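Work through these exercises with the sequence and the 3D structure open. Try each task before reading its solution.

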Amino acid sequence: MTKTVKLEHGHTITFDDNKHVYIHNNEYVVGMSTLLGKLASPALEAWKVNTQVSSIKQEMEKQGIALDTIDKIIINARANARKANDNILSIGSIVHKLVELWLRGEKVTKPDNPVVANCFMEFQKFWKKHKLKVVESEKILYSERGYCGTLDLIAKDKENNIWLIDVKTSKGLFLNMVHQLHGYKLAYEEQTGKKINKMYIVRLPKTNEPFEARQILYKADHMKAFLGLLHCHKSELLFKEQMRKLKSTQTKRKKNVR
């Protein structure tokens with residue numbers, strides 16, 4: 001499903017929900033998730049996991065465990081890990097949807113899953129405690145610096161402070177979340193002309209961990225770090241284009257030699 005929106009600063013963005021891509025003037029615009037991914041290397045992380053698995057297999061072989069038994073253990077362990085991860089993703093998406101429905105004023109049936117119910121209840125407590133009102137939700141942002149994103153919530157308190165709230169269902173708070181908020185703040189203020197007064201990460205626990213709502217203060221260094229990720233992306237695109245041209249030139253030279 002795609003949707004096209006005309007934004008406050010005059011730009012039009014098309015978002016393809018299936019591919020999760022943003023389009024501006026018929027060109028793809030990098031999204032927040034891609035930028036934040038510059039902090040991690042999927043290939044490196046996969047290599048680390050495979051190295052650990054290989055070491056475990058070697059140790060089991062040294063202990064005299066049969067090769068077919070080792071293979072069965074590894075296969076079962078990977079399957080269980082995937083199943084656990086799928087369950088976590090499912091809980092996160094359900095809680096996110098419940099919060100969205102509740103904030104829109106729609107009727108919400110109490111969840112049967114106690115973990116989901118607890119997450120949802122803790123969010124309601126946080127919202128009522130600060131007497132917040134929804135201004136916007138799931139808002140598409142486009143910065144003329146060359147990136148897009150979709151923020152979770154913009155709210156106002158009784159003093160009319162504007163809150164930027166990002167809802168997470170992760171196991172903790174991480175640096176890339178801070179960068180994400182700073183990127184949203186920059187794009188939102190450029191796009192709307194309104195100032196963000198408070199930034200919050202609301203972490204909804206997927207287990208019996210305590211609910212966490214952490215205010216994130218604006219720091220120039222965090223903003224520089226986010227913009228650094230954006231520059232890394234642009235550098236990567238430039239490098240790929242240079243390599244493409246080089247390859248094209250080399251191919252033409254080979255043809256001329258023949």
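**Exercise 1: Salt bridges**

Task: How many salt bridges does this predicted model hold, and which atoms pair in the selected cases?

Solution. 
- Step 1. Apply the cut-off: a side-chain nitrogen of Lys or Arg within 4 Å of a carboxyl oxygen of Asp or Glu. The count by this rule is 13 salt bridges.
- Step 2. Take Glu 106 and Arg 104. Their closest N and O atoms are 3.0 Å apart, a salt bridge. Glu 106 is partly exposed at 38% relative accessibility. Arg 104 is also partly exposed, at 43%.
- Step 3. Turn to Lys 168 and Asp 166. Here the closest N and O atoms lie 2.9 Å apart. Both residues are buried.
- Step 4. Look for a network. Salt bridges link Glu 8, Glu 136 and Lys 139.

**Exercise 2: A pair within a helix**

Task: Where do Glu 236 and Lys 240 sit relative to each other along helix H6?

Solution. 
- Step 1. Check the contact. The two side chains, Glu 236 and Lys 240, form a salt bridge, 3.4 Å from N to O.
- Step 2. Count along the helix. Glu 236 and Lys 240 are four residues apart in H6 (residues 220-257), so about one helical turn separates them.
- Step 3. Check accessibility. Glu 236 has a relative accessible area of 31% and is partly exposed. Lys 240 is partly exposed too, at 49%.

**Exercise 3: Helix H4 from end to end**

Task: Describe the span of H4, its cap and its buried residues.

Solution. 
- Step 1. Find the span. H4 covers residues 114-129, 16 residues in total. From first C-alpha to last it reaches 22 Å, close to the 22 Å expected at 1.5 Å a residue.
- Step 2. Inspect the N-terminal end. Asn 113 caps it, with a side-chain oxygen 2.8 Å from the backbone nitrogen of Val 115.
- Step 3. List buried positions. Among them are Val 116, Phe 120, Phe 123 and Trp 127. Glu 122 and Gln 124 are buried as well.
- Step 4. Lys 131 follows H4 and has a positive phi, near 50°.

**Exercise 4: Strand E3 and its partners**

Task: Which strands pair with E3, and in which sense?

Solution. 
- Step 1. Start with E2 (residues 12-16). Three bridges join E2 to E3, and the strands run antiparallel. Thr 14 has Ile 23 as its bridge partner.
- Step 2. Read the turn. Four residues lie between E2 and E3 in this hairpin, and His 20 has a positive phi of about 55°.
- Step 3. Go on to E4 (residues 27-31). E3 and E4 pair antiparallel over three bridges. Tyr 22 is partnered by Val 29.
- Step 4. Two residues separate E3 and E4, and Asn 25 takes a positive phi near 50°.
- Step 5. Compare faces. Tyr 22 and His 24 make up the covered face of E3, Val 21 and Ile 23 the uncovered one.

Notes:
Residues numbered from 1 in each chain as written. Predicted model: local features only at pLDDT ≥ 70, side-chain atom pairs only at ≥ 80, totals over all residues. Heavy atoms only, no water. Expected span 1.5 Å × (residues − 1). Buried < 20%, exposed > 50% of the residue type's maximum accessible area, 1.4 Å probe, protein only. Polar contact = N/O pair within 3.5 Å; in protein donor to acceptor, adjacent residues only side chain to side chain. Pairing = 2+ DSSP bridges.
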